[in-house]
Amino acid sequence: MAITDKNTKHKVNTKEAFRKAFIKKVEEVSGEDFSESTTRHQYEALAELVMEEITAEWAVNNSRLHKMEEKQIYFFSIEFLIGRLLKAYVNNLGWDTMVEETLNELGVDYEALQSEEHDPALGNGGLGRLMACFLDSTAALGFPGHGNGIRYKYGLFEQKIINNEQVEVADIWLKNGYPFEIVKPDKAVVVKYNGDVRVEEVNGKMQFIHENYDPVLAVPYDIPVKGYRNNTVNSLRLWSAKPVEDFDLSTFNQGHFLKAMQRKSEAESISQILYPSDHGFEGKLLRLKQEYFFVCAGLKRIVRRYKKHNHGSMDGFPDKICIHINDTHPALCVPELMRILVDEEGYDWDVAWDMTIKSISFTNHTVLPEALEKWPIDMVQKLLPRVYQIIEEINRRFINDMNWFYPDQVDRNYSMAILKDGQVHMAHLAIIGSHSVNGVAELHSKILREETFRDFYAVFPDRFTSVTNGVTQRRFMMGSNPGLKTLLDDTIGTDWKKPGNMCSLEALLPYAQDAAFCQKLGDIKHANKERLAKYIKETQGIVLNPDSIFDVQVKRIHEYKRQLLNILHVILTYNQLRSNPNADIVPKTYILAGKAAPSYVYAKEVIRLINVVADRVNNDPLVKDKLKVVFVPNFNVSVAEIIYPAAEISEQISTAGKEASGTGNMKFMMNGALTLGTMDGANVEIAEAVGMDNVFTFGLSDTEVYNYNTHGGYRSLEVYESDSRLQEILGQLINGFFGESAGFQMIYDSLLLHNDTYFVLKDFAPYVDIQDIASNVYRDQKQWQKMSTINIAHSGIFSSDRSIEDYEKRVWKVK
Ligand code: GLG
């Protein structure tokens with residue numbers, strides 16, 4: 001549907017109309033003649049035009065939503081890493097050609113214009129980005145699905161590299177305003193913290209009255225989620241915390257100015273910062289406040305809207321509403337929904353419990369023990385007194401039931417408790433309170449069933465399922481790799497671009513043998529490599545050789561992801577080149593990027609090592625064009641969009657069993673990079689899809705890792721002693737080889753003194769071998785492009801459209 005420009009009555013869906021509307025809008029926002037306008041003005045104008053178009057459709061969608069005809073999905077997540085939206089909106093509206101051509105004719109640089117948009121970093125990594133991909137796919141498939149989260153004032157920090165080290169700088173993403181949100185103060189709700197619960201008997205029924213609480217106002221900001229060329233517009237609702245009254249007047253009047261100010265800043269602090277840790281559990285009161293904040297506010301609005309259209313009744317709620325909780329951060333949805341149903345709506349406990357379980361589903365994203373949230377009981381009890389009572393009751397009933405059904409398993413029953421060892425176990429709460437629990441790749445789901453949540457699986461086998469992650473091809477391939485998109489269109493037609501239809505890329509398979517096609521594919525890759533090389537030259541001053549292999553590892557920096565293994569191999573290559581500068585090696589460029597949590601000292605040491613090695617290697621005339629190492633600072637969605645299309649090798653080298661799924665692996669694959677990785681997470685499914693001949697796999701299996709971890713038997717020192725290459729490299733880490741001040745004792749110790757928890761040394765030799773194999777295959781460009789084609793052809797199942805369809809069938813059953 002195209003709307004009309006209110007003043008000119010011209011539709012904005014023809015080039016001419018767009019041109020007029022754009023010029024007019026630029027003049028409105030700048031107050032100057034078009035010829036005087038800046039890129040900023042042009043960006044603001046285009047953003048406004050896009051929003052005008054989308055909001056008209058949004059209104060229609062929202063009124064449909066209000067009628068509650070269809071089942072609605074709500075994703076509750078503490079992170080939504082949405083990336084820049086302008087171009088995605090333009091593409092989803094089907095405006096791309098019109099906008100590109102018109103701007104070109106007007107002499108406006110579309111790319112520069114897009115760069116004016118501050119990339120909102122409201123997430124850390126895969127978990128938050130997955131939500132953004134899911135929103136895109138849900139809308140593309142025409143499902144009513146919405147996000148519910150927090151509008152952080154400060155997103156993830158901006159990463160700078162100074163003296164080879166990560167330095168964190170605050171990211172003020174809102175400083176120039178944000179054109180794609182609409183604030184709805186009339187829909188604000190109150191969230192209550194602290195206080196006491198008074199029990200009163202009214203008409204023979206117990207009433208729980210929460211009083212003396214500290215109220216905080218939750219104000220919603222809605223961002224439209226526009227479906228790909230359809231008329232669905234869903235919503236991402238992000239909540240911002242405000243004091244209930246902007247100024248606590250009574251306190252202020254009594255002269256307690258500081259106290260009044262303090263209340264205000266305490267309230268606002270709740271949505272002030274995104275915790276910059278993607279796996280480490282942050283045991284902070286503020287974090288718990290954040291979790292309850294978006295859970296309470298989100299549920300309140302959903303319930304209000306539901307009741308409004310169901311004559312004030314909550315009956316039937318689970319048939320119309322799916323509350324999907326993304327990891328354990330929103331697990332308080334379970335007791336909060338119970339509180340609403342029991343305390344506010346007067347349902348009996350059992351009925352309410354049944355409704356709650358039916359409404360809620362839970363996805364787990366990691367098996368790392370440090371990420372499984374546990375809150376001190378007294379903290380929860382004090383901050384959320386009524387919610388805590390409900391958790392206690394859920395726990396009491398659960399343990400009673402277990403002891404009744406499994407009287408001889410008292411130990412196991414207790415181990416599954418929500419409340420134990422003085423803590424609230426959020427994963428247990430989430431599993432007990434949901435009808436569906438899933439992992440994010442087959443292997444991960446298996447580990448959940450057999451290890452992490454084994455006891456729960458024994459009790460609730462039907463609850464457990466698996467949905468492999470996916471990514472949106474509309475952003476990460478069609479949008480960021482236009483050359484490839486056009487080649488695919490020209491080769492197999494355009495049907496593959498229809499939402500949910502990406503598997504039809506398999507039609508590409510015969511072209512794997514087609515020399516002309518492979519040549520074109522190679523040319524497109526080369527152009528993308530040049531584009532990345534240009535970006536790196538401009539931002540870092542490093543010159544890359546676009547004829548070398550681009551070997552890329554971009555993701556959060558974590559020990560288990562083993563960027564260390566990568567860089568140790570780089571040092572090996574460097575040592576080899578130093579002793580034989582004329583060695584016949586295929587020139588290679590190693591590109592790494594990613595942020596480390598500010599408090600994760602070890603990960604920051606790895607960043608320093610990468611940069612120190614890069615410095616040394618890139619400035620050594622001996623290695624010439626054969627080896628380059630680049631650490632690209634401040635990895636975020638926008639940078640990612642330039643990197644994936646340029647990659648040839650996708651490094652996915654986590655310790656097997658540790659990476660739940662990974663989603664970068666999928667983004668690389670659909671851009672034709674070949675996976676070099678362990679059999680971990682979704683790498684396993686990538687290997688299955690393309691066949692073992694079309695990936696480079698190496699290293700310990702998850703079972704081997706598990707066995708070492710449970711039965712012992714690994715000694716890193718033995719590996720070290722039997723491999724002279726490792727002796728040299730690890731020696732260089734501490735003997736001043738990289739400069740007097742550049743010692744890496746901590747890394748050295750972790751590998752040798754602390755027995756190398758992540759099996760870096762154990763997997764070193766197989767990793768070196770597979771790297772050599774990959775380089776040799778690269779010498780045969782025909783073979784390489786053939787493998788690349790096969791990877792693209794099989795990447796359809798890694799579209800988030802497929803994930804959403806799986807969730808639909810296995811979990812939500814919307815239809
Ligand atoms: C997690 C996992 C990733 C996973 C992502 C999305 O570590 O393996 O791909 O969620 O499910 N915290 C994460 O990034």
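The legends below describe close-up views of a predicted model.

**View 1**
The domain assignment divides the protein chain into domain 1 (76-83 + 119-468 + 807-812) and domain 2 (487-699 + 761-798). Between the C-alpha centres of domain 1 and domain 2 the distance is 36 Å. Domain 1 gives 39 residues to the contact, and domain 2 gives 33 residues. On the side of domain 1 that touches domain 2, at least two residues come from each of helix H6 (126-140), strand E3 (158-162), strand E4 (165-169) and helix H17 (442-452). That side of domain 1 consists of 16 nonpolar, 15 polar and 8 charged residues.

**View 2. The surroundings of the ligand.**
Around the ligand there are 16 residues, and the closest are Gly126, Leu127, His365, Ala660 and Ser661. By class, this shell holds 4 nonpolar, 10 polar and 2 charged residues. Domain 1 and domain 2 each contribute at least three residues to the shell.

**View 3. The largest nonpolar core.**
In soluble globular proteins, nonpolar side chains tend to be buried together. Here the largest nonpolar core contains 224 residues, and Phe293, Cys333 and Val613 have the most contacts inside it. This core lies between domain 1 and domain 2, because both domains give residues to it. Apart from neighbours within four places in sequence, cysteine 333 is in contact with Phe76, Val295, Leu299, Ile323, Ile325 and Ile360.

**View 4. Strand E16 and its two partners.**
Strands of a sheet pair through backbone hydrogen bonds, either parallel or antiparallel. Strand E12 (residues 360-363) runs parallel to E16, and 3 bridges join them. In this pair, phenylalanine 362 has valine 437 of E16 as its bridge partner. E16 also pairs in the parallel sense with strand E17 (residues 464-466), over 3 bridges. Here asparagine 438 stands opposite threonine 465 of E17. Both faces of strand E16 (residues 436-439) are covered. Ser436 and Asn438 are buried on one side, and Val437 and Gly439 are buried on the other.

**View 5. An open sheet of 6 strands.**
The strands of this open sheet follow the order E20-E19-E18-E21-E22-E23, and their pairing is parallel. Strand E20 (627-632) and strand E23 (696-697) are the edge strands, each pairing on one side only. Within the sheet, strand E18 (residues 549-554) pairs with strand E21 (residues 649-652) in the parallel sense, over 2 bridges. Isoleucine 649 in E21 is the bridge partner of aspartate 551.

**View 6. Two loop residues with positive phi.**
Most residues other than glycine have a negative phi. Asparagine 212 has a positive phi, near 55°. Asparagine 212 sits in the loop between strand E8 (205-211) and strand E9 (214-226). Is asparagine 212 buried or exposed? Asparagine 212 is exposed, because 11 other C-beta atoms lie within 10 Å, and a residue counts as exposed at 12 or fewer. Histidine 311 also has a positive phi, in this case near 50°. The loop that holds histidine 311 is the one between helix H9 (285-308) and helix H10 (317-320). Histidine 311 has 7 C-beta neighbours inside 10 Å and so counts as exposed.

Methods
Residues are numbered from 1 along each chain as its sequence is written. This is a predicted model: local features need pLDDT of at least 70, side-chain atom pairs count only at pLDDT 80 or more; totals for chains, interfaces and linings use all residues. A residue is near a molecule or strand if its C-beta atom, placed from the backbone, lies within 6 Å of it. Ala, Val, Leu, Ile, Met, Phe, Trp, Tyr, Cys and Pro count as nonpolar, Asp, Glu, Lys and Arg as charged, and the others, Gly among them, as polar. Domain bounds come from an automatic or database domain assignment. A residue is buried if 20 or more other C-beta atoms lie within 10 Å of its own, exposed if 12 or fewer, and partly exposed in between; C-beta atoms are placed from the backbone. Helices (H or I, at least four residues) and strands (E, at least two) are DSSP runs, numbered from the N terminus. Two strands pair if DSSP finds at least two bridges between them. Two residues are in contact if their C-beta atoms, placed from the backbone, lie within 7 Å. A nonpolar core is a set of buried Ala, Val, Leu, Ile, Met, Phe, Trp, Tyr and Cys residues joined through C-beta atoms within 7 Å.
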